[in-house]
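Hello,

Here is the structure I promised to hand over. Please look through it first, then read my notes below.

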Amino acid sequence: MTTFNLRQVKLRTGAQFRDEVDVQLEPLVLGGQEYLPVPADVPAELTITKAGSGNVYEVSFRTRLHGPCFRCLADTVLEVPIRAREYHANNPAGDEELRSPYVDADALDLSRWARDALALELPDKILHDPNCAGLCPVCGKDLNVEPHTHDEERTDPRWAALESLREQS
Ligand SMILES: [Zn+2]
Ligand SMILES: [Zn+2]
């Protein structure tokens, strides 16, 4: 976990701090599947700007996520550029809008912030190809490799039995 010690940054109002920080990224679990950021440590650009009423935090980095395709489970690599921004007031006075959940007692929780920013940036479905045909719901074969359909009434023996009953009546 990467946390950034905010006590090392002394800023006057209007001044800006900018540095490159290595941020450790945790694997993301989406729909029961694990997605691994590669590399696990990314160089991120961190900017802190002191406004009169509080601080503006900005972080940007690029990462690649490795994991299974949502439909066919093929290995999928997703390139994700991240740019996130947080504001934390000097005196939030209980107002959640003015409080960043990643700023706490002079520390900035960079790993958690980066993970949440990454999760927000991801598409609803991670696909190895936007036209992925997925797996056959009947036999489980990869429809991208073997496109096919099933005539269920003929191949499923239960249907065949029903069919013969119908014919008899
Ligand atoms: Zn796929
Ligand atoms: Zn099939």
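**Notes on the model**

T2 is buried, at a relative accessible area of 11% (buried means under 20% relative accessible area, exposed over 50%, partly exposed in between, with a 1.4 Å probe and protein chains only). Before going on, some ground rules. This is a predicted model, where local features need pLDDT of at least 70, side-chain atom pairs count only at pLDDT 80 or more, and totals for chains, interfaces and linings use all residues. Residues are numbered from 1 along each chain as its sequence is written, chains are lettered from A and ligands numbered from 1 in the order in which they are written, and side-chain values use heavy atoms, with hydrogens and water left out.

Back to T2. This residue lies in the segment before strand 1 (3-5). Helices (H or I, at least four residues) and strands (E, at least two) are DSSP runs, numbered from the N terminus. The T2 side chain reaches the backbone nitrogen of Q24 at 2.8 Å. Leaving out residues up to four places away in sequence, T2 touches V21, D22, V23, Q24, L108, D109, L110 and S111 (contact means heavy atoms within 4.5 Å).

**Zinc ion (ligand 1)**

Which residues hold this ion? They are C69 (SG), C72 (SG), H128 (ND1) and C132 (SG), at 2.0 to 2.4 Å. Donors are N, O and S atoms within 2.8 Å of the metal (3.2 Å for Na, K and Ca); water is not among the atoms, so sites may look incomplete. The spacing along the chain is C-x2-C-x55-H-x3-C. C72 and H128 link distant parts of the chain, 56 residues apart. C72 sits in the loop between strand 6 (54-68) and strand 7 (75-89), H128 in the loop between helix 1 (110-121) and helix 2 (152-155). C72 counts as buried because its relative accessibility is 8%. H128 is partly exposed, at 36%.

**Zinc ion (ligand 2)**

C136 (SG), C139 (SG), H148 (NE2) and H150 (NE2) coordinate this ion at 1.9 to 2.2 Å. Their spacing is C-x2-C-x8-H-x1-H. H148 is partly exposed at 27% relative accessibility. H150 is partly exposed at 30%.

**Backbone**

Most residues other than glycine have a negative phi, and most peptide bonds are trans. V38 and P39 are joined by a cis peptide bond, with omega about -5°. P39 is in the loop between strand 4 (33-38) and strand 5 (41-50). L73 is not a glycine, yet has a positive phi of about 70°.

Best wishes

Note on methods: Polar contact = N/O pair within 3.5 Å; in protein donor to acceptor, adjacent residues only side chain to side chain.
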